[in-house]
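I opened a new model today and kept notes as I clicked around. Here is what I looked up, in the order I got to it.

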Amino acid sequence: MGTQVWWKNAVIYQIYPRSFMDSNNDGIGDIRGIIGKLDYLEWLGIDAVWICPVYKSPNDDNGYDISDYMDIMDEFGTMADMDELILKAKEKNIRIIMDMVFNHTSDEHKWFIEARKSKDNPYRDYYIWRDPVNGDKPNELGSVFSGSAWQLDETTGQYYLHLFSKRQPDLNWENEAVRKNIIEVIKFWVNKGVSGFRLDMIELLGKLPDEMITANGPKLHDYIKELYREGFNCNGKAEEIVTIGECWAADTDIALKYTEPDNKELSMVFQFEHSALDEIKGKGKWALKEMRLTELKSIIDKWQLQYDKGWNTLFWNNHDLPRIVSRFGNDKEYRVESAKMLALYLYCLKGTPFIYQGEEIGMTNIKFDTIEEYKDIEIHNMYKEKKAEGVAEEDIMKSIYAKGRDNARTPMQWNDEINAGFTKGIPWIKVNNNYKEINVKKDMEDNNSVLHFYQNLIKMRKDILCIREGNYIPLLNEDEDIAAYTRNTNGQGILVIANFHECTKKISFSDIVSKRIIISNYNRTEIDLKDVEIRPYEAVMCEI
Ligand code: GLC
Ligand code: CA
């Protein structure tokens, strides 16, 4: 198999449709907006786009609450638009990856509307219902979006489970009818010609709520194998379909269960170990601390070295995470340098890169003055909860500035015109007011821009074999500022050096000789590896 499957050679671009491009000026990004930007994506050199949910939804959680898996949200367009997108993308050799939310539906899904009507409704068992215990909720299970995971439904006097918002009831995967219906959904989209699925919160399917078990329940892998057999492989061509599971609780062993090819489950997983490095352990994403580079490096090393039977996803950003340049880089004086450094460090590793919209121009976090300007349900629920606990406004806002999901959800900055060229209407969420400085048009015109750097890197991954296949050797393991590694295969080798901090530092590699510099963020032309001075956020790749 090796690098034969298409997705091991691919660079994937993630689109958050609501904030990507608005084609009809109602303030909301849409499918025709994406179609209009296919030339741009082709220019960038990506192979596939993962599109966050575009299905019918009341948007309690921006489309992650689906009310019809086989229809398109009115705000985003029509099924005809979607078909056209699949077709036009294909003409440019860009594949489409759909985002599928199978852990829960919207409370407006017809299954739930039926289910809540009565205890003996045929759809009752599509969801997870429990009687009250001593007149209260069944147990202490909490929702990811704050508060209890149980909601009392007045009509029948029972509680239903919702691991996310109360408008996202969890499906009951033990019910075979649920599984059969979901398989129909997969077939529907495979037959439309999409090339894969990103599987939202897939790790939760085997939950045992009475035992307080959510991720990695006992039947999880049976369910995924069934999805593979009947769904991804419905036309006998599963190897052409890429599947990426969202797995917050995965370590390398757990990840292998999903992805070892013989297991016939998934292609890759998103794991988030590196994403918890600026959080106080056990206290979740709102409790902040500084990230230590040695910790980041040891996690990267672990996944590069101990997960060699699997295939890594390489990502800094997505629609749930803060902007990487504001997080592990420097979004002020060294924005351009640090954005390039972070890209060079991550995307020369072994695995498939996932670039999140706006990352390629170094978009930054947002700081709105008031809570009202934020739109995300997770932010609002957390705000209310912390307020009730008596936490000071200033401290709450500090966490939101650092970790809130709207950091990644402000509109894509296309140019320096009104609303950054995203819409001529009123955008559903405010544009970051740095758009005159940071936008695609400006970066297109400047060969030294973050955007051109991304375009080069993407091209390099195709041209330089050892980036895809080479073995990985970490260097400078103890260094708190600088990360370095080599990749080698068939006599070809590269060395990557990346300074994560603002300091200038001398380093030395006694037994490596650089043949030439392939790419760098300071336009370096020479390097003597025995004695190098690395400048703030400097990054270099050389041939060795
Ligand atoms: C995933 C999605 C996130 C969503 C949640 C519930 O984590 O990435 O945006 O809110 O699942 O579907
Ligand atoms: Ca629109």
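I began with Asn 121, which I found in the loop running between helix H4 (110-115) and strand S6 (129-130). Before going further, a reminder to myself: this is a predicted model.

Next I asked: is Asn 121 buried or exposed? Its relative accessible area is 10%, and the cut-off for buried is under 20%, so Asn 121 counts as buried.

One of its polar atoms lies 2.8 Å from the backbone nitrogen of Tyr 123.

I moved on to another asparagine, Asn 59. This one is in the loop between strand S3 (55-56) and strand S4 (68-72). I checked its backbone angles and got a positive phi of about 65°, although Asn 59 is not a glycine.

Which loop holds Leu 476? I traced it to the one between strand S14 (471-475) and strand S15 (482-489). Leu 476 isn't a glycine either, and its phi is positive, near 50°. Its relative accessibility came out at 24%. Buried would need a value under 20% and exposed one over 50%, so I wrote Leu 476 down as partly exposed.

**The ligand**

Last stop: ligand 1. Where does it sit? I found ligand 1 in the largest pocket.

I listed the residues around ligand 1 and got 13, of which Asp 61, Asp 200, Glu 246, His 319 and Asp 320 come nearest. Sorting the shell by type gave me 7 charged, 4 nonpolar and 2 polar residues.

I then looked at side chains that put a polar atom by an oxygen of ligand 1, and noted these distances:

- Asp 61 has a polar side-chain atom 2.5 Å from an oxygen atom of ligand 1.
- For Glu 246, I noted 2.8 Å between a side-chain N or O atom and an oxygen atom of the ligand.
- With His 104, a side-chain N or O atom is 2.9 Å from an oxygen atom of ligand 1.

How much of ligand 1 does the protein cover? On its own, ligand 1 has 310 Å² of accessible area, and the protein covers 98% of that.

Technical notes:
Residues are numbered from 1 along each chain as its sequence is written. Chains are lettered from A and ligands numbered from 1 in the order in which they are written. This is a predicted model: local features need pLDDT of at least 70, side-chain atom pairs count only at pLDDT 80 or more; totals for chains, interfaces and linings use all residues. Side-chain values use heavy atoms; hydrogens and water are left out. A residue is near a molecule or strand if one of its heavy atoms lies within 4 Å of it. A polar contact is a pair of N or O atoms within 3.5 Å; within protein, one must be able to donate a hydrogen and the other to accept it, and residues adjacent in sequence count only if both atoms are side-chain atoms. Accessible areas come from the Shrake-Rupley method with a 1.4 Å probe; for residues, only the protein chains shown count as cover. On a 1 Å grid over the protein atoms alone, a cavity is a set of points where a 1.4 Å probe fits but cannot get out, and a pocket is an open set with protein on both sides within 12 Å along at least five of seven lines; lining residues have an atom within 4 Å of a point. A molecule sits in a cavity or pocket if more than half of its atoms lie within 2 Å of its grid points. Ala, Val, Leu, Ile, Met, Phe, Trp, Tyr, Cys and Pro count as nonpolar, Asp, Glu, Lys and Arg as charged, and the others, Gly among them, as polar. Helices (H or I, at least four residues) and strands (E, at least two) are DSSP runs, numbered from the N terminus. Buried means under 20% relative accessible area, exposed over 50%, partly exposed in between (1.4 Å probe, protein chains only).
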